[in-house]
Amino acid sequence: MAREILSNAVILTGRELEITRGYMVIEDDVIKEISEGSPQRRAVNLNGGFIIPPFINAHTHVVDSVAKELYLGKNQTQVVGPQGLKFRVLERSAPVQKAQATKATLQDMLATGTLAHCDFREEGVDGVNFLRGIILPPLTSIILGRFSKVEEMLKVLSISDGLGIPSLDAFSEEVLEEASVAAREAKKFFAVHVAENAHEVLAFKKKHHRSEVEQAIKLRFTFVVHATHCSEEELLRLKANKTPVVFCARSNSLLGVGVPPINLALKTGTEFFLGTDNAMVCQPDMFEEISFAWRCLRRDNTAAGSEEAKSLLAAATVKPLSLFNLPWGPVEEGQKATFLILARKSNLLHLSDVYAGLVNRARADNIRAIYFNGKIIIS
Ligand SMILES: [Zn+2]
């Protein structure tokens, strides 16, 4: 029997990320014990380091890596709108270039502690197959494909993990209804960008006499992305409908569309996750994302403290486990040993609050080791 003991650790345990100051026993790749205090047996001393669940990046477009910083001098519509620069670049880039850029991005995600991401993949059947050909285990790539012609919809759905719809105006309501039914029957994801851009929010309401959120709920999307311009009432509707939201705060800021209502989501108890969106705009580093989200939250609410910081950390780690079927669970006894170990060095010394300290200050260079199913994959 293989046994390893990690001692002198601050362990964020279970779905609530409760703090255990003590040690962890791993036996045959499984977390056998998490206890306060010191173990009786020989152990690896983590010197006050942190054991936290790995990151889950709930929204990416990783193939955009081939077009880094091409958003300069442009607004969101010019970059990622229906006629946006992004699509011309994706089309004209050589597959080998796109593959190299994407692989480098996936490697960077792993190196920065992310073990799963959910990607909106453009370019139809070919686009889904392209990313499938690059995936980098143990990083789990959940790929939501995009069809451009209705005839392609079922084929895209059959080879992907679901459908990622660019906007509620990209197709007629009838086509989206059909896609919703097909995704549900296939037990796959059906997700959409909503309320990202204030102008489009108004235009949609004027044209359809209902808001994007109302339409997304009507069409029974599994989750929605952005919700940057959602009201408190709309967040309550999403909550009542058990539809989670993925906020992409850095991307929203860099594309100048606004700041997501993270404070309102916490206030209303709406389930939310975090994503880094277009790799053209943001490096998919979840340490950066939670840190930026913390700034957005404090901008709106200076009363935000330890509990709110813990919620952000949970949104980036354990909360998405309820949506995505992943080969690990929270850091708790009986689960596979899958977690990050963060060294308590310079930037993480003398923290008066563990959650706020980690959210505000932890960086990828704090990673001392990444465990996946009991094996160290990066150290
Ligand atoms: Zn997106």
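Which residue of β15 does Ile341 stand opposite? I will come back to that in a moment, after a word on what we are looking at. This is a predicted model, in which local features need pLDDT of at least 70 and side-chain atom pairs count only at pLDDT 80 or more, while totals for chains, interfaces and linings use all residues. Residues are numbered from 1 along each chain as its sequence is written, and side-chain values use heavy atoms, with hydrogens and water left out.

The residue in question is Ala369, which stands opposite Ile341 in β15. Helices and strands here are DSSP runs numbered from the N terminus, helices being H or I with at least four residues and strands E with at least two, and two strands pair if DSSP finds at least two bridges between them.

With that in hand, let me take the sheet that holds this pair of strands. Seven strands form an open sheet of mixed pairing, in the order β3-β2-β1-β4-β14-β15-β16. Its edge strands are β3, residues 30–36, and β16, residues 375–378, each of which pairs on one side only. Neighbouring strands of this sheet are turned by 40 degrees against each other on average, direction ignored; axes are lines fitted to C-alpha atoms, for helices over the stretch in contact, and angles run from 0 to 180 degrees between N-to-C directions.

Within this sheet, β14, residues 339–342, is joined by four bridges to β15, residues 367–372, and the two run antiparallel; the bridge partner of Phe339 in β15 is Tyr371. On the other pairing, three bridges join β14 to β4, residues 44–52, again antiparallel, with Ile51 standing opposite Ile341. Phe339 and Ile341 point one way from β14, Leu340 and Leu342 point the other way, and all are buried, where buried means under 20% relative accessible area, exposed over 50%, and partly exposed in between, with a 1.4 Å probe and protein chains only.

Now to the other sheet. Nine strands form an open sheet in the order β12-β11-β10-β9-β8-β7-β6-β5-β13, and the pairing is parallel. β12, residues 272–274, and β13 stand at the edges with a single partner strand each, so one side of each is left without a neighbour in the sheet.

Strand β6, residues 114–121, is mostly covered, since eight of its eight residues are buried. It pairs in the parallel sense with β5, residues 55–61, over four bridges, and with β7, residues 140–145, over six bridges. His117 of β6 stands opposite Asn57 and also opposite Ser141 in β7. Together, β6, helix α4 (residues 124–132) and β7 make a right-handed β-α-β unit, right-handed meaning that, with the strands pointing away from the viewer, the path from the first strand over the helix to the second runs clockwise.

In the loop between α4 and β7 we find Leu139, which counts as buried because its relative accessibility is 4%. Leaving aside residues up to four places away in sequence, Leu139 touches Leu106, Met109, Leu110, Thr114, Leu115, Ala116 and His117, contact being heavy atoms within 4.5 Å. Helix α12, residues 286–300, lies across β5, β6 and β12 and runs at about 90 degrees to β5.

The zinc ion is coordinated by His59 (NE2), His61 (NE2), His193 (NE2) and Asp277 (OD), at 2.0 to 2.4 Å; donors are N, O and S atoms within 2.8 Å of the metal (3.2 Å for Na, K and Ca), and because water is not among the atoms, sites may look incomplete. His59 lies in β5 and Asp277 in β13, residues 277–278, so the pair ties together parts that are 218 residues apart in sequence. Both His59 and Asp277 are buried. Those two strands are also joined directly, by two parallel bridges, with Thr60 standing opposite Asp277.

What is the geometry of the site, given angles of 88 to 156 degrees among its four donor atoms? The site of the zinc ion is irregular: four donors count as tetrahedral if all angles lie between 85 and 135 degrees, four count as square planar and six as octahedral if opposite donors are over 155 degrees apart and all others between 65 and 115, and anything else is irregular.
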